[in-house]
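Good morning, colleagues. Please look at the sequence and the structure as they come up.

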Amino acid sequence: MTPGLLLATSACGILLSLTGAFRAPRWWLATSLVSTLTALAAAAWVLATGGAWEWRSAFLIGGEGVHLRLDGVSALFLALLAVVGGAGAAYSREYWADPAHPASARLGRWWWSTLLLCMGLLLLCSNGLHFLIAWELFALCAYFLITLDGQRREVRAAGWLYLAASHAGTLALFAFFSLLAARTGSWDLGPMREQANLAPLFWLALFGFGVKGGVFPLHIWLPSAHANAPSHVSAILSGVAIKMGIYGIVRFSGWLPVPPAAGWLVTTLGVVSAVLGVAFALGQHDLKRLLAYHSVENIGIILMGVGFAMVATAHGQAAWGALALAGGLLHVWNHGLFKSLLFLGAGSVLHATGTREMSRLGGLWRVMPWTASLFALGAAAISGLPPLNGFVSEWLVYLGMFDALNQPGAAVVVAIPAIVLLAMTGALALACFVKVCGVVFLGASRSPAAGHAHECGPWMRGPMLVLAAGCVAIGLAPFVFWPALHTAVAAWRGTWTDVPAPESLTTLGLFHVALAALAAVAAAWLWRRAHRGGWARAGTWDCGYAAPTARMQYTAGSFASIITEWFAWILRPERHAHRPEEAFPRRAAFEEHTPETVLERVIQPCARLVMWLSGGARRLQHGRTHAYILYLILGLAAVAVLTLAWGR
Amino acid sequence: MISILEFLARLAVWLVLAPLLPGIINKVKAWVAGRRGPPVLQLYYDLARLWRKGVVLSTLASPGFIAGPAVAWVAVLAAALLLPLGPLGTSLSFRGDVILLVYLLALARFCTAWAALETGSAFEGMGAAREVSYAVLAEAAVITAVLTLSLQTRSVSLSAMLAPSAGTGAVLLAVGLFTVLLAENCRVPFDDPNTHLELTMIHAVLVLDHSGPPLAAILHGAAMKLLLFSVLLVQAVLPVGELPLVAAAGALIGGVLVVTVAVGLVESFLARYAFRRVPLLLTTAFLLCVFALLIAWKGGAA
């Protein structure tokens, strides 16, 4: 089977699934799964053999011949799309089931299939016009999926914000592709690194794709959209959709020449996104909003890898550039896996308790042991802890940056702060996920809703298990996945084909296996030893206080308060406190909320200014016809004067 | 066969010698205060007794309450085994192992904080919050020290990085790393291992509800971590890897003893800082490491 045949099967499968979305959910699921599996096979074929698949047809769309191409870079993203797309489809069967959502469940299935189709086409298109069409369709599908639960006001608001931000980015991409076509004389895309006059176009691409990717100052749409979408949609948005922005940046920094400063800027954006993304995450009380900010953080880590690869290209040093890029691209996979896992876990919690508010949860491990342990695995992975996958990709990025450090050249200036801030990001992410796990799953339940929760069923558990298995597999056997990364790196930069695998990758994998085995043995041993004579159960020791209650537990806000205090200059937390007064205080309350600073302090004031100016201009339009005729005459006179004065 | 014996010897050093350090620190403190103090081997007696004891579990605790200390102990041991031991060298050395060491310590932190949050106690929540928050600054200082050594030796592997001395910036690096050692191992002025007022502590409050064998694992892991940081500090500063065998062994053992005694002296003469000042002190440690880094970077160029 060649990739062409597999992709055709996959396309047929997804088109067939569209027919079953409304009336035949089982048929829809079966065809979607077949489609994603064949797409995965096609991507694996390309990644394993290293050969690209290309197909040109005389069939015209918009006057342009269809040109599809699946090379290392696009296959890497297609594989992720297939895995998360399939897992989310299976998860939605129980999570967004027909009885609970009679109207939106069918629409959800329909839009899910179209979203997968459009993203697949986007990855395959090798024509600027078709790329734009697929991009716009994919953005619209995502909008309809986000607003599936359109009854709720905040969902509609999140949808609009997403749509507006997405189109601001698309506008830049329209300019990018039109200018590209104008300068090259063709819409066809492909490597064109020798045409130096194309370099400035990269800034447009960086803005357009950066909005979709959620790079720090452009991430304004991301938290509310991810938080308010149904959880399987949040998973694919965060796991795959924002990676399309990364795909664009990787794709066009590989095909087009880039300005000399581009590598530095991308790295800086990555560092800023990583640190501030995790800082904002620490300030959140909403479970899914918190996970959304971690997407900003991880996009930052990916961009650090990609940015360093661009710097390496400018310096002509393949060795460490390839390492950093491989780390960044592996982090694309890893973040796709563990963030989807975490969103699906958050979905299970939401499904079982009906709330995303962490301060109302707690003690869920007792009723949801599967969700709790899988979420914990995802949390350890996203914190970059060995022996899981997050560490492997961060390790590769670190290696690339350390090698840059030890080469002569200007890269040192960026490598030093980048390494220190990457380490701090890791420690901050760890703090944040300890907080999430502790507050949501451990301790005592803080509200009746958390007490009456239930474990999710097999259709929700299965996809989570698959994603978790992916996290463990990449962590324990990273060398198995190196050829795929090598193919992608070689597709990015044709001259980097002879970059060897870092020899220590195998050692790291074996170390991880030994560590995991030893940890399991030690835990079992300690368990047996402690359980020897049976254990006594007693209430938690609260320093002599006789009647501790669940409300006395540490909350998410108090846990993060030390760190949010350090970042108060940008988080700008809003606090409302009623202090207890008098000898017998009636009531006391404390409330803290971390707003989306960039949106509320920068974008919204700007928008208000624009509205104010437009309000002034709107006075011209008042509905009085004679005044409009006066405008016409004045306009004509002005044109006449212009023509007579400067016409020749 | 030789390599297996050597590995076992290395394991024995870490497992058997580690609990000696807290004993020495306590002896130094007692000596300064003019007391006789507990025996140097006190921690061994404590560990043996705890290992034989039963366990009282909080009604809220999940299996993670027992698994957490076990995984944390394994993580610290694994990190320790990555570290070269002067003349013994290292049993496993590869490019990038130093990053693995830093992240293994993070894994231990994750598991300890997880186990602390199991009980739903406000005190343990406080301790866990402080632990993970201050670790952000400590980690920045450690990675800066790693950067310094890497710049100096043009290597990303512990055995090569730790072999020569830290050069001109050695004193700065030593003070910076020593401060991090105090912070990461719950010593004065960051934490007071002797107080029994739970509100004032970081690390010790994390383990309030642990008892029996899990507590033994935690205490032993803490001792190993102290030894790990001392060995790291000594090898970063002294050219242990370049000395002849006997001198290297002497330098390593002597250096670790000096560090241990210094910890005891700091503990005797300093009071615990207010929590507000802890970040300040850790930032100072970070800055010291940054200056060492600048010396290594610009000094190398000049």
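Predicted model: local features only at pLDDT ≥ 70, side-chain atom pairs only at ≥ 80, totals over all residues.

Residues are numbered from 1 along each chain as its sequence is written, with chains lettered from A and ligands numbered from 1 in the order in which they are written.

I begin with the interface. In chain A, 61 residues are in contact with 64 residues of chain B (C-beta atoms, placed from the backbone, within 7 Å). Of the side of chain A that touches chain B, H15(A) gives the largest share, 14 residues. That side holds 45 nonpolar, 13 polar and three charged residues; Ala, Val, Leu, Ile, Met, Phe, Trp, Tyr, Cys and Pro count as nonpolar, Asp, Glu, Lys and Arg as charged, and the others, Gly among them, as polar. Helices (H or I, at least four residues) and strands (E, at least two) are DSSP runs, numbered from the N terminus.

Strand E3(A) is joined to E1(B), residues 56-58, by three bridges, and the two run parallel (strands pair if DSSP finds at least two bridges between them). Here A:Arg537 has B:Leu57 as its bridge partner.

I turn now to the helices. Which residues of H7(A) meet H9(A)? They are A:Phe202, A:Ala205, A:Leu206, A:Phe209, A:Gly210, A:Lys212 and A:Gly213. By class, this contact of H7(A) with H9(A) has nine nonpolar, five polar and one charged residues.

Key:
Contact = placed C-beta atoms within 7 Å.
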